[in-house]
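My entries follow in the order I made them.

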Amino acid sequence: PNEIMFKLFEEQFVLALQGDKKIIVDGMLQSAEHIQFFDHLLDKHKLRDNFNFVYLSVPRYLAKKRLLSRLVCNSCNHVTNTEFCVDQKCPKCGHKITMRIDDQLQAIDKRLDRFYDQVLPLVKLYEKRAGFIEHDNSKEYLLRVAEYKKSYFTDGH
């Protein structure tokens, strides 16, 4: 429930501030209630003008491709994908890797529909604020895949 999540989040947020740490909030702002809570937290700690909002944008087709290729190790829970793992074994521990249930096509379509219908409009609210940065995250991913494939085949694997 939001009440519990908000309380836990604020506790960790305050600890990070006291430790003078950098804070990355990933995937939390998914409802109007989340935004209201977070804005209140920023105002309470006088951070509204000292906070960047980075939106890592990815085209829907690429998000779907990434999720469909994601695999997880049944033993150590290491996350990898079919682009980086050609033998269906975990590159970290060697055990079997499989696809998570929520990374199957029907679940992915449902998650992406929810994102575009409910979350993306919230992201648009932040576009007008100082400190908003949109970054096309598809380019780096495609470069990493190309670099990995090149090194995988040239390093004798």
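I began with Cys73, which stands opposite Ile97 in strand S4. Strands are DSSP E runs of at least two residues, helices are H or I runs of at least four, and both are numbered from the N terminus. The model is predicted, so I kept to its cut-offs: local features need pLDDT of at least 70, side-chain atom pairs count only at pLDDT 80 or more, and totals for chains, interfaces and linings use all residues. Residues are numbered from 1 along each chain as its sequence is written, and side-chain values use heavy atoms, with hydrogens and water left out.

I then looked up the pairing around that position. Strand S2 (residues 70-73) and S4 run antiparallel and are joined by two bridges; two strands pair if DSSP finds at least two bridges between them. I noted an open sheet of three strands in the order S3-S2-S4, with antiparallel pairing. S3 (79-81) and S4 (97-98) are the edge strands, each with a single partner, so one side of each has no neighbour in the sheet. Helix H3 (residues 60-69) lies across S2 and S3, at about 25° to S2.

A disulfide is counted for a pair of cysteine sulfur atoms within 2.5 Å, and the structure holds zero. I also checked accessibility: Cys73 is buried, with a relative accessible area of 1%, while Cys93 is partly exposed at 33%. Buried means under 20% relative accessible area, exposed over 50%, and partly exposed in between (1.4 Å probe, protein chains only).

Next I looked at strand S1 (residues 53-57). Five bridges join S1 to strand S5 (residues 132-136), and the two run parallel. Leu56 stands opposite His135 in S5. In a regular strand the side chains alternate between the two faces of the sheet. In S1, I listed Phe53, Tyr55 and Ser57 on the covered face, and Val54 and Leu56 on the uncovered one.

Last, I checked a helix pair. Helix H2 (residues 32-44) and helix H4 (residues 105-127) pack at an angle of about 30°, with their axes 10 Å apart. Axes are lines fitted to C-alpha atoms, for helices over the stretch in contact, and angles run from 0 to 180 degrees between N-to-C directions. Ala32, Ile35, Phe38 and Asp39 in H2 meet Leu122, Leu125 and Tyr126 in H4, with contact meaning heavy atoms within 4.5 Å.
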